[in-house]
Amino acid sequence: MIETERLRLRTWQDSDRAPFAALGQDEAVRRFLGPPQSRAESDALVDRITQTRAHLGYCLWALERRADAAFLGFCGLNPAPAGTPIEGGIEIGWRLAHAYWGHGYAREAALASLDWAWANLEVEAIVAMTVPANTASWGLMERLGMHRLNDLDFDHPAVPDGSSLKGHIVYGIDRPADRPFVNQIPG
């Protein structure tokens, strides 16, 4: 579990499934992601996230507010998608319910996720992606200190041809010089 002043990034619980499914039906949330998700699609995503954590030790963690344990969405780390120029890298991502936008929660959770990555993963950089029209998302990437990687922009293979969501832009952030990786495993 990762804790910040206001938030808790934690493993997923069965009680997260219903509010996450509702988030997947919200048109504002889905605006730059594609059509609404069915409950089955939402549950399958939670299952994949849980499997990622079991195999890799990190994931898109469930995000809750510490003050009242409200489920806000997710934030964390994920293997970058196959068939893209960032394949093999680690992607940071977030998705919050519309009611929680504009409170700085995504930035707070993303900074905590990056801090966790630098402390626990032997990686030189973290990437993020979005569609060009999602100014809020790439604006957050810039506030996190990420920089645009124009040469890695791509058409997402999982998005249908002709969709306005096909083209993706990529941002990245390098490991801070003052955060060298120290193998924490004895021996």
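Buried, in these notes, means under 20% relative accessible area, exposed means over 50%, and partly exposed is anything in between (1.4 Å probe, protein chains only). I'm working on a predicted model, where local features need pLDDT of at least 70, side-chain atom pairs count only at pLDDT 80 or more, and totals for chains, interfaces and linings use all residues. Residues are numbered from 1 along each chain as its sequence is written, and side-chain values use heavy atoms, with hydrogens and water left out.

**Entry 1: salt bridges**

I asked how many salt bridges the structure holds. The count came back as 14, a salt bridge being a side-chain nitrogen of Lys or Arg within 4 Å of a carboxyl oxygen of Asp or Glu.

I started with Glu108 and Arg6, whose closest N and O atoms are 2.7 Å apart. This pair links distant parts of the chain, 102 residues apart: Glu108 sits in helix H4 (residues 105-120), and Arg6 in the loop between strand S1 (2-3) and strand S2 (7-10). For the labels, helices (H or I, at least four residues) and strands (E, at least two) are DSSP runs numbered from the N terminus. Glu108 counts as buried because its relative accessibility is 17%. Arg6 has a relative accessible area of 30%, so I put it down as partly exposed.

Next I looked up Glu64 and Arg8, a salt bridge with its closest N and O atoms 2.7 Å apart. Glu64 lies in strand S3 (residues 60-65) and Arg8 in S2, so the bridge ties together parts that are 56 residues apart in sequence. Are these two buried or exposed? Both Glu64 and Arg8 are buried.

Asp68 has 45% relative accessibility, so it goes in as partly exposed.

I also traced shared partners: salt bridges join Glu3, Arg8, Arg10, Asp16, Glu64 and Arg66 into one network.

S3 is largely enclosed by the rest of the structure, because six of its six residues are buried.

Which strands pair with S3? S2 does, in the antiparallel sense over four bridges, and so does strand S4 (residues 71-79), also antiparallel, over five bridges. Pairing here requires DSSP to find at least two bridges between two strands. On the S4 side, Leu60 stands opposite Gly76.

Last, I checked the hairpin of S3 and S4: it has five residues between the strands, and Ala69 takes a positive phi near 60 degrees there.
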